[in-house]
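Visitor: I am new to this structure. Can you show me how to read its features, one at a time?

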Amino acid sequence: EAHFSWDNNIEYVYLNFYLYDGTYRYNGVIRLKPGNPCVVEYMDSSGTYQALTVSYNLGESSTIQPWIPIKLVADYITGAFSRLSIGPNNWDLVGKTMYKASAVTDQPRIEIVLQITGDAGTNAVTYIDDAIVTQKEP
C-alpha cells in the first residue's frame, strides 16, 4: 500500500510488489495511466497487462494531483491476486494469478518498486509516501 501524486508529463505509474521465495519471483504488478478516465491494468500470469474497468478520473498529468491511495492485496504463497484499490475504486481480483518467473537470487526477499515513465522528451516527476507492507490481510 502507498500514496502517490504526480507533477506532470507522466506516461505510466507502476506499482510493483515482488516476492522472491528462493526459486521463483512472483510479480504483483499494477500499471496506471493518468487521464479521464485513467487506464488501470494488472500483469497476468502470462506477463501480459490486462485492463480493469475504470470510471475514475485521475486527471491529466499537467498539475499536481492530491494524494491518491493505492493498495494491492495478494497471496504470494499461491501467486493469486485478491483485490486492488486506487482512490475510490475497488476491484475484486479473486481468480486472477500473477506472473511467476525464475528468481535471479536464491535469497528470499520482498521488493517494492514504485516507478514512473514519462512522456517522450520530458522529465516526469511523481511523489510517493506511506509505503507499507502488511501480512495476513483478509
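Visitor: Let us start with charged pairs. How many salt bridges does the count come to?

Guide: First, the general idea. Side chains of opposite charge can pair when their charged atoms come close. Now the case here. This is a predicted model. The count comes to three salt bridges.

Visitor: Which side chain meets Glu1 in a salt bridge?

Guide: That of Lys71, at 3.9 Å from N to O. Glu1 lies in the segment before strand 1, and Lys71 lies in strand 6 (residues 68-75), so the pair ties together parts that are 70 residues apart in sequence.

Visitor: Which side chain does Glu41 meet in a salt bridge?

Guide: The side chain of Arg31, at 2.7 Å from N to O. Glu41 sits in strand 4 (residues 39-43) and Arg31 in strand 3 (residues 24-33), so this pair ties together parts that are 10 residues apart in sequence. Glu41 and Arg31 are both buried.

Visitor: What is the partner of Glu111?

Guide: Glu111 forms a salt bridge with Arg109, and their closest N and O atoms are 2.8 Å apart. Glu111 is partly exposed, with a relative accessible area of 24%. Arg109 is partly exposed as well, at 33%.

Visitor: On to polar contacts. Which side chain joins that of Ser85?

Guide: The side chain of Asn90, through a polar contact of 2.5 Å. Ser85 belongs to strand 7 (residues 80-86). Its relative accessible area is 17%, so Ser85 is buried.

Visitor: What else is Ser85 in contact with, leaving aside neighbours within four places in sequence?

Guide: Besides Asn90, Ser85 is in contact with Pro69, Ile70 and Lys71.

Visitor: Now the surface. Which residues make the nonpolar patch?

Guide: Ile110, Ile112, Leu114, Ile128 and Val133 make this surface patch of about 390 Å².

Visitor: Where does the largest share of the patch come from?

Guide: From strand 10 (residues 109-118), which gives three residues. Take Ile112 as a case. Ile112 is in strand 10. Its relative accessibility is 34%, so Ile112 counts as partly exposed.

Methods: Residues numbered from 1 in each chain as written. Predicted model: local features only at pLDDT ≥ 70, side-chain atom pairs only at ≥ 80, totals over all residues. Heavy atoms only, no water. Patch = residues over 30% accessible without salt bridge, like charges linked within 9 Å, V, L, I, M, F, W, Y side chains within 5 Å. Areas by Shrake-Rupley, 256 points an atom, 1.4 Å probe, with all protein chains shown as cover. Salt bridge = Lys/Arg side-chain N within 4 Å of Asp/Glu carboxyl O. Helix = DSSP H or I, 4+ residues; strand = E, 2+ residues; numbered from the N terminus. Buried < 20%, exposed > 50% of the residue type's maximum accessible area, 1.4 Å probe, protein only. Polar contact = N/O pair within 3.5 Å; in protein donor to acceptor, adjacent residues only side chain to side chain. Contact = heavy atoms within 4.5 Å.
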